[in-house]
Amino acid sequence: MLPSPHSSSSSSEEKLATMEPQSPSTLPVFHIENVSCFYGRHKALEGVYMDIYEGKVTAIIGPSGCGKSTFLKILNRIGEMESNVRVDGKVQLLGKNIFARDINLNLLRRQVGMIFQHPNPFAMSIYDNVAYGIRTFHRLSRPALDEAVESALRSAALWDEVKDSLHQSGLALSGGQQQRLCIARALAVKPKVLLMDEPCSALDPIATLKIEELIQGLKQQLTIVIVTHNMQQAARVSEYTAFFSTDERRIGQLVEFDLTQKIFTEAEQPSTRDYVAGRFG
Amino acid sequence: MGFAVAPSTESSSLLTSSSTDDSLENAGKLPFLRTLLGDGGFKSLTFVAALIAGAVPFFVVALISRDAWPAIAKFGLPFLWEQDWNIDESIYGALPYLFGSLVSAFIALVLALPIGVAIAIVTSERVLPPWVQIPIAFLVELIAAIPSVIIGLWGVFVFTPAINPFQEFLYARFGWLPIFNTQPFGSSMLVAGIILAIMILPTIAAISREAFLAISADLRNGAFALGATQWETIIFVTMPAAISGILGGATLGLGRALGETMAVTMVIGNVAGIDFSLLSPGSTIPSILANQFSEALDPLHIGALMYLALVLFLITLGVNSLAIFMIRFLSRNA
Amino acid sequence: MRDAFAPLAPSKKLFNWSMGTLGFFLSVVALIPLVAIFWSIVSKGLPHLSLDTLTQLPAPAGLTDVPNGFANAIIGTVAMVAIAAMISLPLGILTAIYLSEFGKQSAFASWVRFMVTILSAAPSIVIGVFAYAVIVLPFQSFSAIAGGFALSILMLPLVALATEESLKSVPNSQRMASAALGAGYARTTLRIVIARALPGIITSGLLAIARASGETAPLIFTALFSQGWLESFFGPSASLSVLIYNYASSPFSEQNDLAWAAALMLLIIVLITNLLSRWVASKR
């Protein structure tokens, strides 16, 4: 175990078993143990234990302000860029502590891509948007780069729509196309995990449907964690679902984490049952 | 299913900078500069730049003080209230120049403040249609873009002859007042003050305009709702609310007027001496620096000029800090 | 109770009308000098502007039958502004990057911001005295380098403060998107933030160049003046602004005329640079 200023004592490792759904088939990509999160003095999230499984879609649901987005932004440590956030606890990516002192944040974020709530393509051409991440790490020959860009756009189901306009601005696309461009851009650097922070909340229903189909196809290649406020979406796309909520102190908590089917049909916690039935939040 | 879980030995190097893992084929090396600079290097570079930029005012004070030292050591603080400036006898006193700077800047402020506030009101409140407001605001800003030496040139050849009949009139009708009791011959403190007023007008107008624009519509609508007319609202409601911004703009204008060199030097007459008549020529700290610096050879003479520059810098520093404070105070309250 | 549709009391109406007129009148008064200056410069400068004035050296004082021009002053101004830009643009832009991307609201960044603001309001003649102390005194020579250095100190705060504003206007989501792809600070700043803020940065650079081109006070005792061509950066140099100053007070009318022509030339340079900066700013 590498020393980490962020991780608490690892004596609580055994507690994990209580929250772990039954899925022995694959090893966890992310192993999250007793994670708490503070904005200045305010505690936003407390004591989260969770494992995220390879090749699966894990949905995170819960009422607004429950810390689900905060939690997601811990996994690639991008929350640190937005605000003065402090994380306690342990987060391991493939066995490696992401808060270790010798971690290279750029390589971490290359492994763990992210799609944001609002599509945020760069003010450059579609081609350059997709090539941006590749060029960050490699200098490829033009044909190799062309190939990588095409393959990323195909994976994001955008190739057929933009193959004739690769050198037009990414900002000229529709909202849904922009979001798929952002997905292509993230896929181009071949991440192992893709974090999606309410990726459809700014999109119309048809664009949303396309993104959902895309997610279904993508889990062949990588692990996806998706935060959504839309329970139907969680039910449609995910294998696992985590339900976050706030307690009486208004601190975010992980209430329940299990197979999606179980969360939506026979959840153990009453508050989960209330939430998925629409009686809450 | 996708791919096998990476063996622990590889995965532990995946995220660290020593990683050589490369999933893309045909990958070439990154550009040399980026490898060399890296993130840490880039941040350090910008930090050093910021440090240098932030330290410049210290260097200004330190180096000017160093070269002013012969004069500071010899004359000390009384330099500020001594009246004589005699290069041949190596006697230097700053009072006539301080006096000239303060009087000309004060005239400028008295003239520019009402006009500047009027422009601010006319271009920010709903008293004129936008197609009149925008050109006025643009043209007033344009004044600030004209180089000082060009305004000076105009001041010497056009403005001074044009205004002199007015100076003659003041002398003839109001000569009994101490401020108009000398025979005007063109260049004067008054002419310098008017030229300065033209030059600081854009500063006062722009900052006051921002102050008016920062006032919330609620305040204005509240006054309208009580039945106040447009100008009653402006005078009794918006102007008091914008007062700290207006005063901040005026103070910033004062700072500009104190430091303004070329136009003043060209129209003030460059006569050292303290005369309370505004129609008599005068001299300011910047004007004597402009006149004597390139010909100064004696270290004490250079020192005295440096001492003057130091005094000017510290005065404008104080005035400008006050202005910045007032303008920030405004933005916090608005 | 007054009828809601009754006209305003005459006194109120008169007050409102007279204040409006006064405000408009004062604004027009403010624009008289602007119009007068432009008119004078054009009417007195244009007749003396010719190919000679743009290509020849200044004629010796008192001679009227030789070509008279200020080509050396144009070259001197361009050279010194170029020196100033080469120093102040990189330094100012890097400072702005530090303030906007790294320092933000830290105590050090606030200190730098305050100091740079102070510098931006410092009298330009004091900047000239500073350059005199830094370069002219130690090297015992007036020089184009000293003039360029003085102008660079003048431009530095203008570039730094305006560039910081345009960097801050880049939405944070762009930085997040770049970071989420694994790009570091250097790449995010250079490729995303600066690219997005480029029109604003160019605008601030052009405005600073326009301002420096017209400055006289920092040059009169650093670069001094020269009747000849600019031969060395380590020797005195002519400039348009100092030429105007020197020739305005000359007893020879042909030198006064040349000052007007130079003023027109300088005004054209400054206004074109200014308008260009506004045009770039409007293109964002």
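Me: Which side chains meet in a salt bridge with an N to O distance of 3.2 Å?

Reply: A salt bridge is a side-chain nitrogen of Lys or Arg within 4 Å of a carboxyl oxygen of Asp or Glu. Here the side chains of B:Glu232 and C:Lys12 form one, at 3.2 Å from N to O. The count between chain B and chain C is two salt bridges.

Me: What should I know about the model and its numbering?

Reply: This is a predicted model, where local features need pLDDT of at least 70 and side-chain atom pairs count only at pLDDT 80 or more, while totals for chains, interfaces and linings use all residues. Residues are numbered from 1 along each chain as its sequence is written, chains are lettered from A and ligands numbered from 1 in the order in which they are written, and side-chain values use heavy atoms, with hydrogens and water left out.

Me: How many residues of chain B and chain C are in contact, and what area do they bury?

Reply: The size of an interface is often given as the accessible area lost when the parts come together. Buried area is that loss, taken with a 1.4 Å probe and summed over both parts. Chain B and chain C bury about 6,800 Å² between them, 83% of it on carbon and sulfur atoms. In chain B, the residues that lose the most area to chain C are B:Phe42, B:Trp154 and B:Trp231, together 9% of what that side buries. By contact (heavy atoms within 4.5 Å), 78 residues of chain B touch 77 of chain C.

Me: How many residue pairs are in polar contact there?

Reply: A polar contact is a pair of N or O atoms within 3.5 Å; within protein, one must be able to donate a hydrogen and the other to accept it, and residues adjacent in sequence count only if both atoms are side-chain atoms. Between chain B and chain C there are six such residue pairs, both residues at pLDDT 80 or more. Helix H2 (residues 32-75) of chain B gives the most to the side that touches chain C, with 24 residues. Helices (H or I, at least four residues) and strands (E, at least two) are DSSP runs, numbered from the N terminus.

Me: What do chain C and chain A bury between them?

Reply: About 1,700 Å², 63% of it on carbon and sulfur atoms. C:Met176, C:Leu181 and C:Arg187 supply 38% of the area that chain C buries against chain A, more than any other three residues. H7(C) gives the most to the side of chain C that touches chain A, with eight residues.

Me: What is the strand order of the sheet in chain A?

Reply: Strands pair if DSSP finds at least two bridges between them. The open sheet has ten strands in the order S5-S4-S1-S2-S10-S9-S3-S8-S7-S6 (chain A), with mixed pairing. Its edge strands, S5 (96-97) and S6 (112-115) of chain A, each pair on one side only. S6(A) runs parallel to strand S7 (residues 193-197) of chain A, joined by four bridges. A:Ile115 stands opposite A:Met196 in S7(A).

Me: Where is B:Ser90, and what is its phi?

Reply: Most residues other than glycine have a negative phi. B:Ser90 has a positive phi, near 55°. B:Ser90 sits in the loop between strand S1 (85-86) and strand S2 (91-92) of chain B. C:Gln140 also has a positive phi, near 50°. Its place is the loop between helix H5 (124-139) and helix H6 (144-168) of chain C.

How values were computed
Buried area is the accessible area (1.4 Å probe) that two parts lose on being put together, summed over both.
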